[in-house]
Amino acid sequence: MSQTDAKFKEALNKVLVPGTMRSLVQLNLVRSAEVNDGKAKINLASTAIPDQHHSWLKDKAAAAASEVSGVEEVIVDFIEAKPKELNQIERIIAVMSGKGGVGKSLVAALLAASFAREGNDVGILDADITGSSIPKMFGLDARPSGSETGILPVLSRSGIEIMSMNLLLPSEDEAVIWRGPLMSKAITQFWEEVLWGKLDYLIIDLPPGTGDAPLTVLQAIPVSGVIDVFTPQELTEMIVKKAVRMAQKMNVRVLGVVENMSYLVLPDTGKRLEIFGKSRGEEMAKTSGAPLLGKLPIDPDLARLCDEGSIERYSSDAVSEFFTNVVTVLNGKSEG
């Protein structure tokens, strides 16, 4: 990158796209910027930006670029581009489970919030079309904005980009009664037609099981790895094996397994009570051939924050350990 390119990038990074907390640079809308004899020409993608914001955004971009040394005149033009041509995502992590009710969405939300807390640009693609709970955990009820050329995800309080079917429904308790092909199509649209821009991490909350919808994600999206969530019950081994084998057949790396609802800490004594039976974490790690990333407890405080839509405020030693292990595995270091 030349000095001039760097200066343009710095200047345009200050221009926020209306309806978002992200800049032209963060959404990867700057397609080219060059200066010759004091005349700067900037091409911006118009993707997902409503028509009424075009002239305002042009003026803001021109004003920002005119502050670059040596620039005397600025011309800003819009060009067309598809969202999937603009999306630049470093790592995509899918969170899956062999059955429902094990806290898969909770783990996905905690992972996204942990990455965001470390200063990363993060998004959540809620692919659990019929059982969407991500918006509720983050306290979101705004509808996604955009235009005919693309959809802008809704941003959480800490700036996590979120796209979910529940954000498109008239009310959050509206039932989505669809067959597999329709759900698969919706997931593909969330991937190809949403302007995610530049992200360090995209977390995908997969539907439970091994049917059409999770299959679509693993086939159509370049997933970096999957995390399998389970609870300490007798059926666990069979269910974990199903989910792991699905990922392996799709040639997707299994990053590790997480045991959720592993125990409850009794407030009076600090003793751990294994409500659903003895932990099977190490056993499931061996079964999956991947590391045990963490054991997450049943925590009334976490349940309360989820109900309040404030999951981003939650922190605990168990979640910190889980997050550290995920980062370790992603960086290719051995665990333990």
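Visitor: What does the side chain of asparagine 87 reach at valine 194?
Guide: The backbone oxygen of valine 194, at 3.0 Å. Keep in mind that this is a predicted model.

Visitor: And at glycine 197? Which backbone atom does the side chain of asparagine 87 reach there?
Guide: The backbone nitrogen of glycine 197, also at 3.0 Å.

Visitor: Where is asparagine 87 placed?
Guide: In the loop between α3 (83-86) and β4 (88-96).

Visitor: Is asparagine 87 buried or exposed?
Guide: Buried. Its relative accessible area is 16%, and the cut-off for buried is under 20%.

Visitor: Leaving aside neighbours within four places in sequence, which residues is asparagine 87 in contact with?
Guide: Trp191, Val194, Leu195, Trp196 and Gly197.

Visitor: New topic. How many residues are in the largest nonpolar core?
Guide: It has 43. Ile93, Leu111, Phe115, Phe138, Ile203 and Ile311 have the most contacts inside it. Helix α4 (residues 104-117) gives the largest share, nine residues.

Visitor: What is isoleucine 93 in contact with, beyond four places in sequence?
Guide: Leu111 and Phe115, among others. The list also includes Tyr201, Leu202, Ile203, Ile204, Gly225, Ile227, Leu255 and Leu330.

Visitor: How many residues does the second core have?
Guide: That separate core has 39, including Ile89, Ile92, Met96 and Ala285.

Visitor: Now the surface. Which residues form a nonpolar patch there?
Guide: Leu273, Ile275 and Phe276. Together they have about 250 Å² of accessible area.

Visitor: Where does phenylalanine 276 lie, then?
Guide: In the loop between β14 (272-273) and α9 (281-288). Phenylalanine 276 is partly exposed, with a relative accessible area of 34%.

Key: Residues are numbered from 1 along each chain as its sequence is written. This is a predicted model: local features need pLDDT of at least 70, side-chain atom pairs count only at pLDDT 80 or more; totals for chains, interfaces and linings use all residues. Side-chain values use heavy atoms; hydrogens and water are left out. A nonpolar core is a set of buried Ala, Val, Leu, Ile, Met, Phe, Trp, Tyr and Cys residues joined through side-chain atoms within 4.5 Å. Buried means under 20% relative accessible area, exposed over 50%, partly exposed in between (1.4 Å probe, protein chains only). Helices (H or I, at least four residues) and strands (E, at least two) are DSSP runs, numbered from the N terminus. Contact means heavy atoms within 4.5 Å. A polar contact is a pair of N or O atoms within 3.5 Å; within protein, one must be able to donate a hydrogen and the other to accept it, and residues adjacent in sequence count only if both atoms are side-chain atoms. Patches are made of residues with over 30% relative accessible area and no salt bridge: like charges are joined within 9 Å, nonpolar side chains (Val, Leu, Ile, Met, Phe, Trp, Tyr) within 5 Å. Accessible areas come from the Shrake-Rupley method with a 1.4 Å probe; for residues, only the protein chains shown count as cover. A salt bridge is a side-chain nitrogen of Lys or Arg within 4 Å of a carboxyl oxygen of Asp or Glu.
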